[in-house]
Number of protein chains: 2
Amino acid sequence: MIYGVIGSGAVGAYYGSKLVKAGNDVHFLFHNDYQYVKENGLTIKSCDGDFSLPKINAYYKTSDMPICDVVIVALKTVNQDVLRNILSPLVVNGTLVLLIQNGIGVEEDLQKIFPNLEIAAGLAFICSAKINPGIVNHQCYGSINIGNFSCKDESKVDNLISDFNAAGISAAKVEYYEARWKKAVWNMPFNGMSVALNANTHQLLSHSATENLIRLQMLEVVGAAQKLGVKNVDELFVEKMLQMTREMTPYFPSMKLDFDFKRKMEIYYIYTRPIEIARKVGFEMPRLQMLESILKFQQAKYLSNN
Amino acid sequence: MIYGVIGSGAVGAYYGSKLVKAGNDVHFLFHNDYQYVKENGLTIKSCDGDFSLPKINAYYKTSDMPICDVVIVALKTVNQDVLRNILSPLVVNGTLVLLIQNGIGVEEDLQKIFPNLEIAAGLAFICSAKINPGIVNHQCYGSINIGNFSCKDESKVDNLISDFNAAGISAAKVEYYEARWKKAVWNMPFNGMSVALNANTHQLLSHSATENLIRLQMLEVVGAAQKLGVKNVDELFVEKMLQMTREMTPYFPSMKLDFDFKRKMEIYYIYTRPIEIARKVGFEMPRLQMLESILKFQQAKYLSNN
């Protein structure tokens with residue numbers, strides 16, 4: 001099995017390195033960090049124990065990489081259209097692409113570009129950050145849920161999950177659409193609210209006004225999911241997510257980091273797309289739509305100042 | 001006619017000074033600025049021409065003031081309960097109190113404290129700011145709409161309006177509840193959004209996402225007003241308000257100034273109360289309720305840091 005990793009940052013480099021450490025044949029694409037990693041390899045500082053890979057298969061362009069059996073895509077979704085060119089040299093009939101990306105609609109859009117591609121959804125539950133070129137700080141968690149989107153041979157997804165678990169990554173199989181909407185219950189409120197109020201998860205839940213607002217936003221996602229026929233997403237799940245977040249170390253979601261560094265935020269797949277999908281079946285999400293507008297305004301302001 | 005002015009700031013001192021200049025007998029209550037004004041009087045820098053009143057009737061407590069025929073209350077609504085003590089020495093049977101205050105519910109609450117008081121609502125359309133003790137900068141506009149709330153003798157309200165017009169203040173008679181809700185159509189979106197996004201009216205309307213959000217927020221106020229049976233508040237009025245705001249000089253609403261100076265914001269009467277009133281008749285304002293939560297969170301943060 002040949003693995004490719006596209007987007008070798010906080011998430012991609014972490015999972016890829018774990019696979020390398022377990023003896024898998026993994027090939028990483030880098031952009032800005034290419035030269036550094038080529039010379040120094042990757043270092044993972046982890047709550048489960050640090051480790052280094054002094055020499056890895058690092059590439060600057062995908063046309064130099066081998067054809068892959070599995071391509072792990074862990075890019076931010078802000079320039080999703082680049083996948084058309086980046087993925088082409090890596091995939092043949094039978095290649096499985098695992099999209100470890102935020103939001104709803106990424107699988108559907110990639111399938112439009114590559115109608116025959118076999119795609120799986122990856123939902124990572126991980127707190128990690130790239131702190132320097134080639135250096136990832138894995139703070140906690142790390143499990144991944146994987147759902148089949150368009151893989152004709154289900155056993156391929158099962159094998160991928162086996163490889164992950166054998167590499168010490170807790171991986172489980174899920175129904176992809178249910179998993180995407182469940183993750184949206186957490187992602188939609190917390191990503192945007194942390195930007196809008198410059199606050200971490202703990203601060204947002206410590207004030208009754210914002211705790212209630214986040215609950216109402218979560219219930220908007222639940223309402224949309226139920227209208228779409230998604231199962232196991234209900235009020236009980238909302239309370240479970242709130243309780244889980246209260247017990248977490250105070251956390252700034254990835255969108256807050258993008259905002260702080262004046263990078264493009266993943267507004268489209270985290271907000272615009274699910275709001276559109278819900279509206280098509282007659283369900284409005286007024287609070288999350290308001291949050292989307294706030295984020296668009298703030299992003300336009302700092303991008304135009306750059 | 002003896003006039004009292006409670007809250008002699010950007011609005012109260014402006015209208016009071018115009019009344020003095022026109023020959024009326026006006027008595028002003030001051031707090032922090034008392035000593036300065038006692039010695040130096042009031043100065044109005046105005047788009048209509050500057051003027052000074054070197055000597056005015058200035059007081060530090062209402063028990064030293066004469067009983068008034070009309071009391072103009074132009075205090076912020078953040079400590080509305082102080083009116084119980086402040087107003088008592090000034091009012092007798094027959095005194096008319098004009099509440100030039102923001103929000104919805106101020107007349108009703110004051111009436112509960114003083115069941116026999118005769119109350120009128122004042123809605124000021126004015127851009128002014130106190131720039132120093134005793135010095136008001138009146139930038140533009142200045143008209144006032146006055147609506148009878150509980151004055152048994154309608155001619156008293158008419159006489160008040162005549163006095164204002166004779167003093168060069170453009171004053172018109174309106175239906176108080178309609179006027180309060182019409183003003184809320186502008187106040188509820190712009191006050192909070194200018195705080196939430198650190199932006200003036202022009203910036204908020206320059207971006208399509210926030211322009212649309214503000215329209216949706218205005219329509220929430222319209223929906224509530226219509227459900228309450230208020231007349232002449234409709235979609236056409238919303239477009240008129242948007243157009244009027246586009247044509248205005250870029251403006252930071254008063255709540256933004258309160259926020260910048262870390263003062264308490266008028267969240268209760270501008271947001272909480274109208275939201276409650278609408279909910280009682282079965283109408284939800286999700287976007288404005290979200291804005292209320294955002295403001296409460298932000299205020300709690302800076303007040304706890306003080």
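Trainee: What makes Glu284(A) partly exposed?
Mentor: Glu284(A) has a relative accessible area of 39%. Buried means under 20% relative accessible area, exposed over 50%, and partly exposed in between (1.4 Å probe, protein chains only). Glu284(A) is therefore partly exposed, at 39%. Arg279(A) also has a relative accessible area of 39%, so partly exposed is the label for Arg279(A) too.

Trainee: What kind of model is this, and how are its parts labelled?
Mentor: This is a predicted model, in which local features need pLDDT of at least 70 and side-chain atom pairs count only at pLDDT 80 or more, while totals for chains, interfaces and linings use all residues. Residues are numbered from 1 along each chain as its sequence is written, chains are lettered from A and ligands numbered from 1 in the order in which they are written, and side-chain values use heavy atoms, with hydrogens and water left out.

Trainee: What does the salt bridge between Arg180(A) and Glu107(A) tie together?
Mentor: The closest N and O atoms of Arg180(A) and Glu107(A) are 2.6 Å apart. Arg180(A) lies in helix α6 (residues 176–196) of chain A and Glu107(A) in helix α4 (residues 106–113) of chain A, so the pair ties together parts that are 73 residues apart in sequence. Helices here are DSSP runs of H or I, at least four residues, and strands are runs of E, at least two, numbered from the N terminus. Arg180(A) and Glu107(A) are both buried.

Trainee: Which residue forms a salt bridge with Asp109(A)?
Mentor: That is Arg273(A), with the closest N and O atoms 2.6 Å apart. Arg273(A) lies in helix α11 (residues 267–280) of chain A and Asp109(A) in α4 of chain A, so this pair ties together parts 164 residues apart in sequence. Arg273(A) and Asp109(A) are both buried.

Trainee: How do you know that β8(A) and β9(A) pair?
Mentor: Two strands pair if DSSP finds at least two bridges between them. β8 (residues 118–132) of chain A is joined to β9 (residues 135–148) of chain A by 12 bridges, so they pair, and they run antiparallel. β8(A) and β9(A) form a hairpin with two residues between them, and Gly134(A) in the turn has a positive phi of about 75°.

Trainee: What relates chain A to chain B?
Mentor: A rotation of 180° with 0.0 Å of shift along its axis superposes chain A on chain B, with RMSD 0.0 Å. The two copies are thus related as by a two-fold rotation axis.

Trainee: Why do we say that the copies meet through the same surface?
Mentor: Of the interface residues of chain A, 100% are also interface residues in chain B, so the copies meet through the same surface. With contact meaning heavy atoms within 4.5 Å, 26 residues of chain A are in contact with 26 residues of chain B. Between chain A and chain B the count is zero salt bridges.

Notes: Salt bridge = Lys/Arg side-chain N within 4 Å of Asp/Glu carboxyl O. Least-squares fit on C-alpha atoms with pLDDT ≥ 70 in both.
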